[in-house]
Amino acid sequence: MYVIGIMGSPRVNGKCNKLVKSALEGAASCGAEIKNYELIKYTIKYCMGCGTCYHKSPELQIGTCPLKDDVASILKDYVRADGYIFASPVYDMYITALMKTFYERKIALTYRPKEESEKIPGSRAPANFQKKASIILTANCSDEYQEVMGEPCFEAFEGHLMIEMIDSVDRFYVGGVENMGEDTFEKKLREAYQIGIRLVDEIRKSRK
Ligand SMILES: Cc1cc2nc3c(=O)[nH]c(=O)nc-3n(C[C@H](O)[C@H](O)[C@H](O)COP(=O)(O)O)c2cc1C
């Protein structure tokens, strides 16, 4: 069982990453191998929209992209994982530009023949709902603003998950982070830990 974090905050010592680490520790406590991709540490170039990955080589799980950077190695590991913790701070009512840049490059995991250009693409590595994902968002606006701040972000993640046939387990919106007291944040970290445990549990259940 392999669970990875895809962490889209540029602040590796920030609250978003602390929550991801806690969730991954929860997964590890159930025996999962874990790795956290702190995206800011990788070279992730902008998708140039050439369509090479999208329209060619359906037999290749991660397609081929003419851009030379760290994305291919992340995607190779991504398709190996059984579970995912996706996390981003809310920036301007959406996921961070860092996460969005990675997400545009993750299009390489989908394939669509040119003659079907008006259809939703298919996954090159459909997970058939045997893989699971949970999503963590941090935001300065409190929990009562989850709908306006969180929903567009959750939907950004869930659109990809739908195409990949990966169920989401938990959606965790942590509002008011910038002025959050230590005790409250400790409680959120414990909730994140439980999210990691539940993720592994749900993956195991789906494989019985
Ligand atoms: C450029 C920028 C835009 C932001 N936009 C929003 C926003 O639209 N809504 C919100 O609730 N918080 C917003 N925030 C606050 C961040 O969500 C918050 O600082 C972050 O979740 C903390 O996570 P971190 O500790 O990992 O940096 C913004 C912060 C920055 C730097």
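Visitor: Which residue in β7 is the bridge partner of I135?

Guide: That's R171. Bear in mind that this is a predicted model: local features need pLDDT of at least 70, side-chain atom pairs count only at pLDDT 80 or more, and totals for chains, interfaces and linings use all residues. Residues are numbered from 1 along each chain as its sequence is written.

Visitor: What makes β6 and β7 a pair?

Guide: Two strands pair if DSSP finds at least two bridges between them. β6 and β7 have six, in the parallel sense, so they count as paired. The strands and helices themselves are DSSP runs (E, at least two residues, for strands; H or I, at least four, for helices), numbered from the N terminus.

Visitor: How many bridges join β3 to β6?

Guide: Seven, between residues 83–89 of β3 and residues 132–138 of β6, and these two strands run parallel. You can find I85 opposite S134, and S88 opposite L137.

Visitor: And how many bridges pair β1 with β2?

Guide: Six, again parallel. One spot to look at is G5, which stands opposite N36 in β2.

Visitor: Why are β2 and β7 called edge strands?

Guide: Five strands make up an open, parallel sheet, in the order β2-β1-β3-β6-β7. β2 (33–38) and β7 (167–174) each pair on one side only. From one strand to the next, the twist averages 15 degrees; axes here are lines fitted to C-alpha atoms (for helices, over the stretch in contact), with angles running from 0 to 180 degrees between N-to-C directions.

Visitor: Why is S88 called buried?

Guide: You count C-beta atoms, placed from the backbone, within 10 Å of the residue's own: 20 or more others make it buried, 12 or fewer exposed, and anything in between partly exposed. S88 has 28, so it is buried.

Visitor: Where is S88, and what does S88 touch?

Guide: S88 sits in strand β3. Leaving out residues up to four places away in sequence, its contacts are G8, S9, C16, I95, T96, M99, L137 and C153; a contact means C-beta atoms, placed from the backbone, within 7 Å. S9 is 79 residues away along the chain, yet the C-alpha atoms of S88 and S9 are separated by 5.6 Å.

Visitor: Is P66 buried or exposed, and how do you know?

Guide: P66 has 8 other C-beta atoms within 10 Å, so it is exposed. You'll find P66 in the loop between α2 (52–55) and α3. Beyond its neighbours within four places in sequence, P66 contacts C50 and T52.

Visitor: What makes β6 mostly covered?

Guide: Seven of its seven residues are buried. K132, S134, I136 and T138 point one way, while A133, I135 and L137 point the other way.

Visitor: Which residues of α4 are buried?

Guide: In α4 (residues 97–105) they are L98, M99, F102 and R105. They span an arc of only 120 degrees around the axis, so they are on the same side of α4; the arc is that of the directions from the helix axis to the C-beta atoms. Their cover includes α3 (71–80) and β3.

Visitor: How many residues surround the ligand?

Guide: There are 18, and the closest are G14, C16, P89, A139 and C141. Being near means having a C-beta atom, placed from the backbone, within 6 Å. Helix α1 (residues 15–29) supplies the largest share, three residues.

Terms used:
Contact = placed C-beta atoms within 7 Å.
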